[in-house]
Amino acid sequence: MRIGIFVVAGLFPGQEAGRVLADAVEWIVAAEQAGFDDAWIAEHHFMPYGVCPSPTTLAAVAAGRTGRIGLGTAVSVLSTQHPVALAEQAAVLHHLSGGRFTLGVGRGGPWVDLEVFGTGLDRYERGFPESLDLLLAALSGDRVAADGELFRFREVAMMPPARMRPVVACTSEPTVRLAAERGLPMLLGLHIGDDDKAAMVERYRAFNGPPVEHVAAGVAYIADSTIGAARDLMRAMPAWLGPGLDGYEPVDDRPRPHRDVDDYVELLTKIHPVGSAKHCAETLRRTAERTGIEHFVLLVEGMGSHERTLENIRRFGAEVLPLLRD
């Protein structure tokens, strides 16, 4: 079983965004020291849900501070950037990290980012397959060209070239099919439980996807008791999640999705490793048995302070990881 951390870099009340980014690097360093396998970094724009707009940049800083831990993006949003430019960034990280970097990509959402970066709704609503295929082409050879609906350019040399296979964030059946047909692993979100994860893995198989290592995101918090751990998170997380989720601004007049924050946090504490060390290990084993997924990336910053996050990372490494690796 592979266990990593999922770095959202959420902005809690009273915090400063630049300090949160610096703290996030320290969490990755601590995760390496605690025995975690990898660290995956989220991308968000113009909102307190996450203050890292460039996960590749943060991954580069973390690569320079670490020597073993894997690094990934969860995810880089293809709808707001050029696939070849993203492939170039991934190639640099691949070479300078000694092959420790994994590129995770996703379609993103119908947010104001599309307006700000000039790509528009069309790239979000119809452009993801073409963008993904161009990214794959750029990461599979020494040269790349395009003659599609959205991208057209003469053949150019990829410099530096790198052969990499990305992971794809999947939240719907069409994206599951897209990943399966290209033989790419899925990254499944923290908002769904074991039954939904298992169903998506089954759909991937039904679309003739190959046997690959899928990745599942979750929330992790360890305390002396399971009841106490859940209570702590239910008190702390809404202060970040409320304003954070409200920060999603649609690019057009479609209604913004609404989720009851308290109910959402309660759900997260029930379906993810939140509790005593024994409970956390049992929860991850149960998910692996039900879904076949054995690679988890866990959000560890839910208590909202740098010190509590470091403590959570260290305790999880010392008390839970050994139980999973016996």
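This is a predicted model: local features need pLDDT of at least 70, side-chain atom pairs count only at pLDDT 80 or more; totals for chains, interfaces and linings use all residues.

Colleague: What does Leu 132 touch, not counting residues up to four places away in sequence?

Modeller: Leu 132 touches Leu 78, Val 105, Val 168, Leu 178, Arg 182 and Leu 184.

Colleague: How should I read the packing of two helices? Let us take α1 and α13 as the case.

Modeller: One looks at the distance between the axes, then at the angle, and then at the residues that meet. Helix α1 covers residues 17-34 and helix α13 residues 306-324; their axes come within 9 Å and cross at roughly 15 degrees. Angles under 35 degrees count as roughly parallel, and α1 and α13 are therefore roughly parallel to each other. Their crossing is right-handed.

Colleague: Which residues of α1 and α13 meet?

Modeller: From α1 come Asp 23, Glu 26, Trp 27, Ala 30, Ala 31 and Ala 34, and they meet His 306, Thr 309, Leu 310, Ile 313, Arg 314, Gly 317 and Leu 321 of α13. Sorted by class, this contact has seven nonpolar, three polar and three charged residues.

Colleague: At what angle do α6 and α7 pack?

Modeller: Helix α6 (residues 128-138) and helix α7 (residues 173-182) pack at about 25 degrees, with their axes 11 Å apart. The two helices are therefore roughly parallel to each other, and α6 passes α7 in a right-handed crossing. The residues of α6 that take part are Phe 128, Pro 129, Leu 132, Asp 133 and Leu 136, which meet Thr 175, Leu 178 and Arg 182 in α7. The classes are five nonpolar, one polar and two charged residues. Notice that Leu 132 returns here: it was named among the core residues with the most contacts, and it takes part in the contact of α6 with α7.

Colleague: Are α9 and α11 roughly parallel or roughly antiparallel?

Modeller: Again we begin with the angle. Helix α9 (residues 226-236) and helix α11 (residues 261-271) pack at about 150 degrees, with axes 9 Å apart. Angles over 145 degrees count as roughly antiparallel, so α9 is roughly antiparallel to α11. This crossing is right-handed. The contact joins Ala 230, Leu 233 and Met 234 of α9 to Val 265, Glu 266 and Thr 269 of α11. By class, there are four nonpolar, one polar and one charged residues.

Colleague: What is the phi of Ala 9?

Modeller: Ala 9 has a phi near 60 degrees, a positive value in a residue other than glycine. It lies in the loop between β1 (2-7) and α1, and Ala 9 is buried, with a relative accessible area of 0%. Phe 46, likewise not a glycine, has a positive phi of about 65 degrees; its place is the loop between β2 (38-41) and α2 (55-65).

Colleague: Is Ser 276 buried or exposed?

Modeller: Buried means under 20% relative accessible area; Ser 276, at 18%, therefore counts as buried. Ser 276 sits in the loop between β13 (274-275) and α12 (277-291). Leaving aside neighbours within four places in sequence, Ser 276 is in contact with Ile 222, Ala 223, Asp 224, Ser 225 and Thr 226.

How values were computed:
Residues are numbered from 1 along each chain as its sequence is written. Side-chain values use heavy atoms; hydrogens and water are left out. Axes are lines fitted to C-alpha atoms, for helices over the stretch in contact, and angles run from 0 to 180 degrees between N-to-C directions. Helices (H or I, at least four residues) and strands (E, at least two) are DSSP runs, numbered from the N terminus. Angles under 35 degrees count as roughly parallel, over 145 as roughly antiparallel, 65 to 115 as roughly perpendicular and the rest as oblique. A crossing is left-handed if the near helix is turned anticlockwise from the far one by less than a right angle, and right-handed if clockwise. Contact means heavy atoms within 4.5 Å. Ala, Val, Leu, Ile, Met, Phe, Trp, Tyr, Cys and Pro count as nonpolar, Asp, Glu, Lys and Arg as charged, and the others, Gly among them, as polar. A nonpolar core is a set of buried Ala, Val, Leu, Ile, Met, Phe, Trp, Tyr and Cys residues joined through side-chain atoms within 4.5 Å. Buried means under 20% relative accessible area, exposed over 50%, partly exposed in between (1.4 Å probe, protein chains only).
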